[in-house]
Amino acid sequence: MLLTESAKIVTRNNTQLLQIDNSFANAEISLFGGHILSFIPKHDNRERLWVSEKAIFDGQKPIRGGIPVCWPWFGPHATNTNLAAHGYVRTQTWKIIETKETDSGTHITLAPNSSNDDGLSGTTQLTLSIIVGRQLKIQLSTTNIGAESLTYNCALHSYFAISDIHQCELRGLSGQYSDKTRDFQICDTPHHYKFNEETDRVHLQQPKQLSIIDEQTTTNILSSGHDSIVVWNPWKQKSISMIDMADNSYLTMLCVETAVTQNQEVKVGETHTLEQVII
Ligand code: BG6
């Protein structure tokens with residue numbers, strides 16, 4: 001596979017990383033999981049993504065932080081509790097299909113070794129297209145190449161870097177959400193969406209733009225192809241219980257996930273695309 005002049009491959013522990021350094025930004029993408037780890041636009045030199053200082057890079061466990069690709073289910077599998085949470089492609093090695101340079105940045109197309117495994121009925125082709133430019137654009141495309149219609153769920157499970165969870169506010173959500181920390185109770189989205197406890201919420205909404213306002217900085221997130229936004233912060237006790245998070249690391253991260261949680265149908269020969277743009 002020929003890489004463009006702004007791309008190179010390095011190895012960290014058991015993981016191959018694709019590093020991009022172009023005139024717009026630096027980015028790092030793990031081929032294990034098709035997992036974006038870093039995006040630093042050069043116009044402000046600010047890292048948008050958070051990766052746990054205790055993240056495990058053993059090429060087997062999902063990486064804690066960055067942008068895990070959850071597919072073809074979100075959370076636990078609907079019927080088989082033996083299957084891994086968030087599906088099976090975040091623990092697969094992905095291959096590089098193409099890299100190219102255009103006026104908008106470096107384009108990278110990745111595909112998992114296989115998108116068809118236990119827990120999905122149907123036959124699919126899955127690709128992750130990434131444009132590393134002034135913005136980071138990510139498209140997860142699922143094509144039904146089988147003989148019958150299929151349904152699936154997915155998420156771009158982005159971990160955003162923030163300076164202090166107590167100071168940050170999320171803008172762009174309203175209406176109600178289902179609270180996973182309160183047995184899926186339906187609650188009203190607060191007018192000022194701030195954080196002071198474990199947060200695990202599914203907002204059945206499709207806002208086009210969300211903003212994380214964090215002290216002096218704002219990160220904007222544009223989404224399409226989704227039916228939900230999931231907002232997650234494990235807070236202190238859960239962070240302590242997780243081997244790949246430092247005890248206080250919940251203070252500097254917030255997950256805002258562009259997700260499909262309501263069984264997206266893809267008809268034979270059609271493609272569904274989930275998109276997130278990080279600005
Ligand atoms: C979020 C879920 O999307 O991911 C949470 O809503 C879950 O319930 C979190 O705890 C992290 O999941 P995992 O499998 O990466 O530990």
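Strands here are DSSP runs of E at least two residues long, helices are runs of H or I with at least four residues, and both are numbered from the N terminus. By that count, T15 falls in strand β2, which covers residues 15-21. The model is a predicted one, so to speak: local features need pLDDT of at least 70, side-chain atom pairs count only at pLDDT 80 or more, and totals for chains, interfaces and linings use all residues. Residues are numbered from 1 along each chain as its sequence is written, and side-chain values use heavy atoms, with hydrogens and water left out.

Back to T15, which is tucked away: its relative accessible area is 1%, so it counts as buried. (Buried means under 20% relative accessible area, exposed means over 50%, and partly exposed is in between, with a 1.4 Å probe and protein chains only.) Leaving aside residues up to four places away in sequence, T15 touches V10, S30, F32, F57 and G59, where contact means heavy atoms within 4.5 Å. One of those partners, F57, also has the charged end of R12 over its ring, 5.1 Å from the ring centre. For that label, NZ of Lys or CZ of Arg must be within 6 Å of the ring centre and within 35 degrees of the ring normal.

Next comes the ligand. Around it sit R64, F74, H86, R90, H157, K180, D200, V230, W232 and E257, each with a heavy atom within 4 Å of it. Three of these side chains deserve a second look for polar contacts, meaning pairs of N or O atoms within 3.5 Å; within protein, one atom must be able to donate a hydrogen and the other to accept it, and residues adjacent in sequence count only if both atoms are side-chain atoms. A polar side-chain atom of D200 is 2.5 Å from a ligand oxygen. For R90, a polar side-chain atom lies 2.9 Å from an oxygen atom of the ligand, and for K180 the distance from a side-chain N or O atom to a ligand oxygen is 2.9 Å. On its own the ligand has 390 Å² of accessible area, and the protein covers 81% of that; such areas come from the Shrake-Rupley method with a 1.4 Å probe, and for residues only the protein chains shown count as cover.

F74, one of the residues around the ligand, belongs to the loop between β5 (69-70) and β6 (94-102). At 12% relative accessible area, F74 is buried.

Across the whole structure, a search finds seven aromatic pairs. One of them, W235 with Y250, is tilted, at 5.0 Å centre to centre and 50 degrees between the planes. (Rings of Phe, Tyr and Trp, the last by its six-membered ring, pair if their centres lie within 6.5 Å; planes under 30 degrees apart are stacked, over 60 edge-to-face, and the rest tilted.) Both W235 and Y250 are buried.

Most residues other than glycine have a negative phi. N45, however, has a positive phi of about 55 degrees, and N263 in strand β19 has a phi near 65 degrees.
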